[in-house]
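Thanks for coming. I will go through one structure today, and I will keep to a handful of places in it.

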10 protein chains.
Amino acid sequence: MTREDVTDLIYSAKVQKGLKWADVAKKLKLSKEWTTAACMGQMTLTKAQALVIGKTFDLPAEAVALLQVVPYKGSLRSSVPTDPLIYRWYEIVSVYGTTIKELIHEEFGDGIMSAIDFSMDIKREPDPKGDRVNVVLSGKFLPYKSY
Amino acid sequence: MTREDVTDLIYSAKVQKGLKWADVAKKLKLSKEWTTAACMGQMTLTKAQALVIGKTFDLPAEAVALLQVVPYKGSLRSSVPTDPLIYRWYEIVSVYGTTIKELIHEEFGDGIMSAIDFSMDIKREPDPKGDRVNVVLSGKFLPYKSY
Amino acid sequence: MTREDVTDLIYSAKVQKGLKWADVAKKLKLSKEWTTAACMGQMTLTKAQALVIGKTFDLPAEAVALLQVVPYKGSLRSSVPTDPLIYRWYEIVSVYGTTIKELIHEEFGDGIMSAIDFSMDIKREPDPKGDRVNVVLSGKFLPYKSY
Amino acid sequence: MTREDVTDLIYSAKVQKGLKWADVAKKLKLSKEWTTAACMGQMTLTKAQALVIGKTFDLPAEAVALLQVVPYKGSLRSSVPTDPLIYRWYEIVSVYGTTIKELIHEEFGDGIMSAIDFSMDIKREPDPKGDRVNVVLSGKFLPYKSY
Amino acid sequence: MTREDVTDLIYSAKVQKGLKWADVAKKLKLSKEWTTAACMGQMTLTKAQALVIGKTFDLPAEAVALLQVVPYKGSLRSSVPTDPLIYRWYEIVSVYGTTIKELIHEEFGDGIMSAIDFSMDIKREPDPKGDRVNVVLSGKFLPYKSY
Amino acid sequence: MTREDVTDLIYSAKVQKGLKWADVAKKLKLSKEWTTAACMGQMTLTKAQALVIGKTFDLPAEAVALLQVVPYKGSLRSSVPTDPLIYRWYEIVSVYGTTIKELIHEEFGDGIMSAIDFSMDIKREPDPKGDRVNVVLSGKFLPYKSY
Amino acid sequence: MTREDVTDLIYSAKVQKGLKWADVAKKLKLSKEWTTAACMGQMTLTKAQALVIGKTFDLPAEAVALLQVVPYKGSLRSSVPTDPLIYRWYEIVSVYGTTIKELIHEEFGDGIMSAIDFSMDIKREPDPKGDRVNVVLSGKFLPYKSY
Amino acid sequence: MTREDVTDLIYSAKVQKGLKWADVAKKLKLSKEWTTAACMGQMTLTKAQALVIGKTFDLPAEAVALLQVVPYKGSLRSSVPTDPLIYRWYEIVSVYGTTIKELIHEEFGDGIMSAIDFSMDIKREPDPKGDRVNVVLSGKFLPYKSY
Amino acid sequence: MTREDVTDLIYSAKVQKGLKWADVAKKLKLSKEWTTAACMGQMTLTKAQALVIGKTFDLPAEAVALLQVVPYKGSLRSSVPTDPLIYRWYEIVSVYGTTIKELIHEEFGDGIMSAIDFSMDIKREPDPKGDRVNVVLSGKFLPYKSY
Amino acid sequence: MTREDVTDLIYSAKVQKGLKWADVAKKLKLSKEWTTAACMGQMTLTKAQALVIGKTFDLPAEAVALLQVVPYKGSLRSSVPTDPLIYRWYEIVSVYGTTIKELIHEEFGDGIMSAIDFSMDIKREPDPKGDRVNVVLSGKFLPYKSY
C-alpha cells in the first residue's frame, strides 16, 4: 500500500458516503483547505488527526500509519495540467507571473513568497453579475541576503 | 518591432529612470497589478492609456501603436518556471491543485474560476514573525451546463 | 474504482451491446455531444442522469456515484494527439490559431471565446463531391477588463 | 528574408496603418479567415493575390515573391499554446477530442475530417446574456479503406 | 478489455501458433500491409473480417466486437521511436522532410499527400550487393484551396 | 557563415530566380530527390557539384566551400513536425510503424532497412479520382548478426 | 506475456541462481555482449539458442517462443538515462558527439558507423593507477552516395 | 564573444583553409580526438596550446583567451540527436545500455566507467566486406563505496 | 519481483514498524545517508548487509538477493522533481549551477567533483533564529587531461 | 540591454583581464559564492555593490543599473544540464533525492530546507588519495504547519 492508494481509498469512501470536505475539516478542527490537501496526499497528519481521518473514511491501520508519513508531494498528472479549472490557475501564473514577481520585489526587495509558511482561504463572493470565487493567499516573505 | 521589443523598451526605461510600477499605475488611474501586466506585454491598452505609457517611458510612435494591439500572452520562458519566486506559485498549483479543484466544485459545482473576468490584489501583511505577502484573487465562477 | 474505470465500463458495455451515442443522448434528452463527453469522463451528471446512464450500461452503484463527481478533465493520452482524426483538430489549432486569435480580437477586442459556456454541434453536410463534417462551435465571448 | 520576416512586415504595417483583416479580405475577394491565415504565413498566394497584399502593406519585391511559395506551416510557439484565447481551442480538443472522434465515427465510419479541404467561418452571435463567438468548421470526410 | 488487450492477444497467439502475417492476409483477401496494421490495432474491421481474425487467433467474442470499433490510433511508445528499424523511418522524415515537401509542392502546388486515402506495399528487391527493402507509398494529393 | 546560412541563400535565390529543383537536378545530372536534399543542407557535395550549385544560385566562395563539408543533418524544427505535409509522413510512421517492422522482419529477419544506402523517387500517379503522390523508397536490408 | 515479461523472468532467475552473463554466453558459444543484449530483450534468438536460454533460466514454452521474435528495441526508461553508469555513456555522446562526427567524416567521408553490423567488446584493462574499463566498438562504415 | 563564437571561427577557418583535424593535432602533439573536442568547444587549452590554435586558425586575442577558460560542455542541439552518425551512437547507448551496465558491474561491481579520466581512439579497420570504424574507449573504473 | 518492489516492501515495513533510518544505519554500522540510499534502491549491499536489512524488515529471500544486485539508479519520478523539499535542491543546482562550476574550476581547473567517490552528511545546525539543515558534501576532484 | 547582456559583459571582461572570482569577492567584502552568483546574473546588488562591480569590469552605467534589479533567476540552459560538472550535482539530486527527503523529515518533520535563507561554502579538502571538493550547504528549516 502506498500513499497514493490511501488517497484513492479516501476519495472513493468520500464519494460513496456523500461526505463534504468542509465537514471532514470540522472533525479535524482545521481549515477545509489544509484538510483537503492532507486527504489528497499532500500534507502529513499527526497520529490524532490520522485516527480521525481513518475513522471517518473506514481506513485500515496501514493507511492510518501512512497518513503520518511525509508524502512525496505534487498532485498533478503532467507539468502543464489538462483539467480546465486547474489550468486556469496555471494560466494565471503564466500570464501574471512576471507581474507578481515585479510587484513583490517592488514592495519587499529580492526574495520569495513562501509556499511552506503559507495558507489559503477559498470562499464564495456573492455578486449580482454572477458569484465569484474569492481566494486569499498568505505567504511569509523570505528575503535573499548576501553572505 | 514586436510587442516583446516594446516590453524590453519599457523595462529598460523603467530601470534607467528608477520608476515604480505603483507610480505608473497612478498615472493610468488603474491598479498596479493590471498596469504591470500591461507593461509586461500581457494586456491591451486603449489609445489614451498607450499615450500615457508612451510618454512615461519615452516610447516611439510604433511602440505606442503596438500597445493597443492584443498581445500573444504568456510571460514565462519555459513550461515549468525556473525563477524561485514564480516557481513557488507553480508549486502552489502543483501541491494544492486538486485541493482547489475539490473545494471550488464543492461550493459551486462543475465549472471554473475565470482567469479573464479576474482581478488580483497584492499587498504587504505586517506580521511580528516576519511580514507576509497577501494576495487576493477574485474570479467569476463560470458553470458548465448540459445542452 | 476511478472515473477512468467507469469510462472503460461504459465503453465496453456500449461495444458489447451495440449502442449508439445518439440513442443514449435521447434517453438523457440532451445533445449527443454533451452526452458523449459525459460518458467519456469529461462532464458531471446529475443523480437522475447518472441513474439513466447506469441502467443503460448496467453499471454498479459505485460507478453511478462516481458519474456525479466532477472529473479530472482531459481526454487525450499525450499533449500532441497521435490519433489522425483528433490530430487534424490539433492541426487546425496549430495552423489557424493565430488567425482565430486575430479575427476574434478584431470583432470583439481583447478576451476569449469560452470553452465552458460552450456548445458544439456535429453533423453531416451532404455534398456531391463527398459529404462533409460540419461542426458549429458556440462559445460566449468573455472580455478582459482593466481594473 | 524568410516567410516569417514577411509575416512580421505585414503585421507591423497593419498595426501602423490601422487596417482590418476584413478590409484586406475584401481586396482579395476572399474570406477574412483564409486571408488572415495567408497573411500570418500559413497559406500560399497566387501572383495576383501576392501583388494585392504587397501593395496593401508596402512590401518589397522579395516579400511578394515569398508569399507565392508554400510556407512551412504551424503558427504557434510551443506544442501547448500559452495564449489564453488559443489555449481555449486546445482545451476543446483536449476535453472533447474523444467525443468528436466517437461522433464522427458513429456517423461516417473510420476516417477523418479533412483539415485541408476545409473552411472556417467566424462570426458574432448576438445574445442577450452576452454575445457569443460562433464558428462553423466544414471539412470533407475522408474514409479509411482496406486495400 | 481494451483494443490494446486485443492486440496483445493476437500477437501472443501469432507467436505461439507460428503464423505469418502474409497468411493471415490471404484469409482476409486483403494486402498484408492493411491486415497487419489492423491486427496491430490501427484499422477497423468489418464484422466478417473480425470473425475471420477471431477464428484465426482464437479470440473471445468481446475481442471480436472490439475489432469492429474504430481504434485510437498511433502504434509507437514515444514521439521519437527507439526501435532501430522504426527509427530509420523517422530519420528519413527528419532528413528528407523538407525535400519531400519541396518536391511535392513543385509538382502539385500547396496541399498534402493523404495518409488516409493511402496504401503501402513492402517487398524484397533482390540485389547482388545485398537485397533491398522496396516500399511503394501511394497517397492521394489533396490541394489547399482559397475560399 | 554556417551551412544553415547557405541553405537560406540557396532558398532565397531559388525563389527570386523562379528556379525549379528538377532543373537544378539536371545541371547536376542527379535525381531531383538527392539534389533537393543537398540544397536543403542534408547532403555533402563534391567540389564539382558545389561549383555548379554555386554558379546556379550565385553563392559566394565561402558558401561553395561549406557545401563540400558534411553537414549536421536533420531538417525539421521540432521532434513532431507541425507542417501538415511533413506531419502526414510522421503519421504514417506513427500508425504503420509496427506494421512496417513486422513485415520487414517477416521477410528478412532481424535487421533494418538502411536510411543511408537509400534512395527515394517521388512522382505523380495520374488517377481519375484525383492524382496521387507515388513514392518509392529503396533501402538496403542490413541484418543483425550474433557474434 | 510480452518480451518485457521474459526479460523480467530471466533477470529474476539469474539473480536467484547467482548466474553470470559470461557463463550464459559460454552455453550459447557467443560473446557475453551479444548474449546479455539478447537476454535483456534487445536481440532475436534462433530456436536452438532460445532453448538453451529457456533451459538455463527455467522459462516456460511461451517465453521460449517470444525469444525468437524480433523485439521492439530500446532498453532505457527515458530519453536521457538516469542511471550514473549509463549516463556516462550518454555524456560521452553529448560531449564528444561532434568530435566523433568530424573524425569519422575526415577519414571516411559522409556516411555513418553502423549500429547494426556492429560488435562490442568490454574488458578489464589493468592499470596501476586503478583498473580501467576498455571497450572496443567496431561498426561497418556505410557511405552516403548521390543518386 | 563567447566560446560558441570561437568554435564557429575555428570551424569556418578550417573549411576555408582546407585543414585536417589530424594535422591540427600534430601541431599540438596530442591525439586527434582530444584536439578536435577542444576545437569544438568541449575541452580547455593551456596558454601554449591556445596560442598554437590561435595561430593555426588566425584567431583574435579574445578568442585565444576564451580557449583557456573551462567551457560549458555539451555539443549537441537536442537531447536526442538528429544527425544520423551521432544518432547511431545514441542508439548504441539505447539498445546496449543495460548490457553495458550488466557487464561492467559483473566484472567490477557497483560503480561507473569514468567519462573524465577517459580517452578515445578512432581508426579505420580494413575489412574485405567493407572497411569498419574501430573505436577504443578507455575509462577508469570508479567504484561506489559504502561510508 | 523487482528492486522497486523491494524498496516498496522496505518502506512499508518501516512505516508499520515505526523504525528510524538512523537506527537501521546503526545495525549496518554505516552512515544513515548511505543506508537510506541503499534502502531506497540506489546502492548495492553486500551479502552480510543484505541479510541484516532482510531481517530488519522481514524481507523474503528473493528480496535479499535483489539487494545485492546493482540497481538501475535514479530515485525521482520526473526530470524536474515536484516534491517541494527535493525541488529546493534542484533549484540550488539551477540557480547556483554556473557559480559552482566557476568556483570549482577556479580552484581545481577543468574536471568534475565526483558523485561516485562521494559522501554526504546531513545534520541539524541549531540556530536561535530557527534551526538549519547543514549538509556537507565531499567528492573527489577528477581532472580532465589531454591525451 | 538585458541582465543576460550584463552577465556576458562581466564574463568577457573577467576572461580578458584574467581576474579571479575570489578577488572580486574581496572587493565586495562578501563570500566568493554569493559574489559569483551575483555576477552570473542570479543575485541583486545594492547600489554600492553594483558600483564596485561596474568599476571592476568597466561596465557602462546602464549595466550598473541593471545589477540592482532583481533578475529572472535560473542559470542553466536546459532542465537536465549537459555540462558534466553541473550534471554531477543534478545526479546527486536524482540518486540521493529521496534519501535527503527521508533524513531531513526524520530529523525535522514535514517541511523544507530553504534555498533562500541559504548559504554555500566551496573549498578544497586535501587528501593523499587525491584532493576533494568539500561543499557545505546551510539552509534554514521551514516547517509546514496545519491551519
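I start with a term: a residue is buried when its relative accessible area is under 20%, exposed when it is over 50%, and partly exposed in between, using a 1.4 Å probe and protein chains only. Helices, another term I need, are DSSP runs of H or I with at least four residues, strands are runs of E with at least two, and both are numbered from the N terminus.

Two sentences on the source. This is a predicted model, where local features need pLDDT of at least 70 and side-chain atom pairs count only at pLDDT 80 or more, while totals for chains, interfaces and linings use all residues. Residues are numbered from 1 along each chain as its sequence is written, chains are lettered from A and ligands numbered from 1 in the order in which they are written, and side-chain values use heavy atoms, with hydrogens and water left out.

Now helix α4 of chain G, residues 47-56. Which of its residues are buried? They are G:Gln49, G:Ala50, G:Ile53, G:Gly54 and G:Thr56. These residues lie on the same side of α4(G), because they cover an arc of only 165° around the axis; the arc is taken from the directions from the helix axis to the C-beta atoms. As background, an α-helix has 3.6 residues a turn, so residues three or four places apart point the same way. On the face turned away from the buried side, α4(G) carries the exposed residues G:Lys47, G:Ala48 and G:Lys55. The cover over the buried residues includes α1 (3-17), α2 (21-28), α3 (32-39) and α5 (61-66) of chain G. Just after α4(G), G:Asp58 has a positive phi of about 55°.

Next, chains J and H. In contact, meaning heavy atoms within 4.5 Å, are 14 residues of chain J and 13 residues of chain H. The buried area, which is the accessible area (1.4 Å probe) that two parts lose on being put together, summed over both, is about 1100 Å² here, and carbon and sulfur atoms give 52% of it. How many salt bridges are there between chain J and chain H? The count is one, where a salt bridge is a side-chain nitrogen of Lys or Arg within 4 Å of a carboxyl oxygen of Asp or Glu. The partners are J:Arg77 and H:Glu4, with their closest N and O atoms 3.4 Å apart. On the chain J side, α1 (3-17) and α6 (84-108) each supply at least two of the residues that touch chain H. The most come from α6(J), which gives five residues.

Some chains stay apart. Chain A and chain H do not touch, and their nearest C-alpha atoms are 18 Å apart. Chain C and chain J have no contact either, with closest C-alpha atoms 19 Å apart.

E:Arg88 sits in helix α6 of chain E, residues 84-108. Buried or exposed? E:Arg88 counts as buried because its relative accessibility is 1%. Leaving out residues up to four places away in sequence, E:Arg88 touches F:Ile112, F:Met113, F:Ala115, G:Ile116, H:Arg88 and H:Glu91.

The other is J:Thr36, in helix α3 of chain J, residues 32-39. With a relative accessible area of 0%, J:Thr36 is buried. Apart from neighbours within four places in sequence, J:Thr36 is in contact with I:Thr99, I:Glu102, I:Leu103 and J:Trp21.
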